[in-house]
Amino acid sequence: MKIKMLALATASLIAISPASVGASKPVYGAWGYDSTAMDVSTRPGDDFFAYVNGAWYKRTPIAADRTFVGIDSVLNDQIDKDVRDIIEDSAKDPAQDGHIGQQVGDFYASWMDEKAIEARGLEPAKPYLNKIAAVRSRDQLIDLFGTVGYQSPVGIFIDSDPKNPSRYAVFASQSGLGLPGRDYYLLTGAKYDAFRTAYRAYITKILTLSGEQDASAKADRIFALETALAKVHWTPERSRDVKATNNPKTRAQLAKFAAQLEWNRLLKDQGLGATRSVIVRQPSAITDSARMIASEPLQTWKDYLTFHFISDHAQFLPKAFDDARFDFYGKTLADVPAQRDRWKRGVSLVDDSLGEAVGQIYVQRHYPAESDRQVHELVDDILGALKDKIEHNSWMDAATRKAALAKLASFDPRLGHPKKYIDYSSLVVNRDDLFGNAMRSEQFDWNLQ
């Protein structure tokens with residue numbers, strides 16, 4: 001479904017540019033509201049959105065490579081252009097911004113070199129696919145489930161502890177599906193039948209492009225495996241239950257829980273061998289999924305891993321793989337008619353992989369010291385006004401006032417840029433190795449977590 005969003009202009013501080021500092025004319029329109037956007041023929045009690053935005057909605061097109069339009073998309077387009085200038089400058093002269101300039105420029109250059117990507121074909125992925133082909137036991141299968149870049153029926157991630165937000169915790173969650181969620185496998189009706197048919201065809205196409213024999217039969221088995229996983233997955237509403245999904249288990253308890261996952265091996269593979277406990281989010285789904293590791297044929301799991309590895313990294317492979325993925329996930333599922341321009345996708349890729357390196361250069365170019373001073377002055381004034389209100393209001397007792405002042409004092413504003421940038425120095429980026437850059441970036445992100 002395409003959505004038109006009329007977002008209020010709440011721009012990120014990072015979007016402030018020298019041109020906008022002290023500008024006499026607003027960049028995105030005057031303060032207030034645009035009465036021409038209204039559809040006064042609609043009664044506000046019947047459809048308030050249409051009443052306020054109806055005329056704007058009818059006259060405003062959605063770009064072919066987007067699912068929405070609004071102030072967010074306008075700002076994002078401008079930021080993309082500013083970031084493109086930075087990245088392309090770095091690609092032309094990687095040394096101008098030091099090591100981060102080299103990383104940014106070479107990552108982007110490797111993405112834009114479409115001829116080299118076509119010439120290499122599937123070869124860059126072969127070492128990773130060979131690891132799947134070499135699996136001969138369930139133990140080796142677990143090792144791949146615990147390796148960055150490979151799909152797994154159980155996802156391991158790190159987030160703040162729901163009962164103690166001051167510390168991080170390791171979580172285990174149901175995972176492993178190629179469609180957006182369990183409903184896509186289980187709900188009846190023409191809409192979901194069409195999604196399932198298209199997904200089977202997509203699996204077949206990816207395996208065929210990869211040179212797999214009996215691609216159609218393998219696609220049927222992969223889809224059947226994912227459907228079985230979907231049947232044991234918790235519903236979305238149950239997975240949002242904060243109490244039901246908070247199930248801490250010690251390492252000793254894990255050893256007896258979903259034993260087929262071989263927790264000691266799985267966690268060690270992910271660099272989490274020393275963790276003392278894991279919060280299990282959907283216990284029954286994970287135990288049932290773990291049983292399938294033992295009950296389903298090893299070859300089916302290997303085919304499953306092969307498909308997902310190629311699908312997950314299709315954008316770093318030749319155009320046929322990239323197009324196949326977009327045709328399904330973009331056109332069919334998201335209803336996006338056209339792929340984004342390659343340079344835009346390259347900007348997003350580099351931003352995802354080296355975000356704070358790009359941001360560091362962006363701030364140097366587009367966030368002058370005077371803007372930084374003004375924003376800090378503004379926030380300091382707001383904090384001072386809040387402190388004055390707390391100190392002089394009449395309804396707080398002494399204990400409440402003390403607690404409120406302590407809470408205000410703990411506020412730590414992050415304005416325009418981080419106090420300390422991520423250190424990307426250990427991430428190796430080569431100008432002629434897009435696939436390797438992407439895989440090393442995945443590993444870097446996991447190590448950072």
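## Start at V104

Select V104: leaving aside its neighbours within four places in sequence, V104 is in contact with I87, S90, V350, L354, A357 and V358, where contact means heavy atoms within 4.5 Å. V104 lies in helix α3; helices (H or I, at least four residues) and strands (E, at least two) are DSSP runs, numbered from the N terminus. At 0% relative accessibility, V104 counts as buried; buried means under 20% relative accessible area, exposed over 50%, and partly exposed in between, with a 1.4 Å probe and protein chains only.

Before moving on, note that this is a predicted model, in which local features need pLDDT of at least 70, side-chain atom pairs count only at pLDDT 80 or more, and totals for chains, interfaces and linings use all residues. Residues are numbered from 1 along each chain as its sequence is written, and side-chain values use heavy atoms, with hydrogens and water left out.

## S90 and helix α2

Next select S90, one of the contacts of V104. S90 is found in helix α2. Is S90 buried or exposed? Its relative accessibility is 0%, so S90 counts as buried. Beyond its neighbours within four places in sequence, S90 is in contact with Q96, D97, G101, V104, G105 and I361.

Now show α2 together with α3. Helix α3 covers residues 98-112, and α2 packs against α3 at an angle of about 95°, with the axes 7 Å apart. Axes are lines fitted to C-alpha atoms, for helices over the stretch in contact, and angles run from 0 to 180 degrees between N-to-C directions. The two helices α2 and α3 are therefore roughly perpendicular to each other; angles under 35 degrees count as roughly parallel, over 145 as roughly antiparallel, 65 to 115 as roughly perpendicular and the rest as oblique. On the α2 side, R84, I87, E88, S90 and A91 meet G101, V104, G105 and Y108 in α3. By class, this contact of α2 with α3 has four nonpolar, three polar and two charged residues. Here Ala, Val, Leu, Ile, Met, Phe, Trp, Tyr, Cys and Pro count as nonpolar, Asp, Glu, Lys and Arg as charged, and the others, Gly among them, as polar.

Residues I79, D82, V83, D85, I86, D89 and S90 in α2 meet V358, I361, Y362, R365 and H366 in α17. The contact of α2 with α17 has six nonpolar, two polar and four charged residues.

## An antiparallel pair

Select helix α8 (residues 190-209) and α15. Their packing angle is about 175°, with axes 10 Å apart, so α8 and α15 are roughly antiparallel to each other. From α8, F195, A198, Y199, Y202, K205, I206 and L209 meet A320, F321, A324, R325, F328, Y329, T332 and L333 in α15. The contact of α8 with α15 divides into twelve nonpolar, one polar and two charged residues.

## Loops and positive phi

Go to D335, in the loop between α15 (319-333) and α16 (342-353). D335 has a positive phi of about 60° although it is not a glycine, and D335 is partly exposed at 35% relative accessible area.

E262 sits in the loop between α11 (251-256) and α12 (263-269). Its phi is near 50°, a positive value in a residue other than glycine. E262 counts as partly exposed, at 25% relative accessibility.

## The whole chain

Finally, select everything. The chain has 20 helices and four strands, and its C-alpha trace spans about 70 × 60 × 55 Å along its principal axes. Buried residues make up 42% of the 449 residues. Among contacts between residues at least 6 apart in sequence, 70% join residues at least 24 apart.
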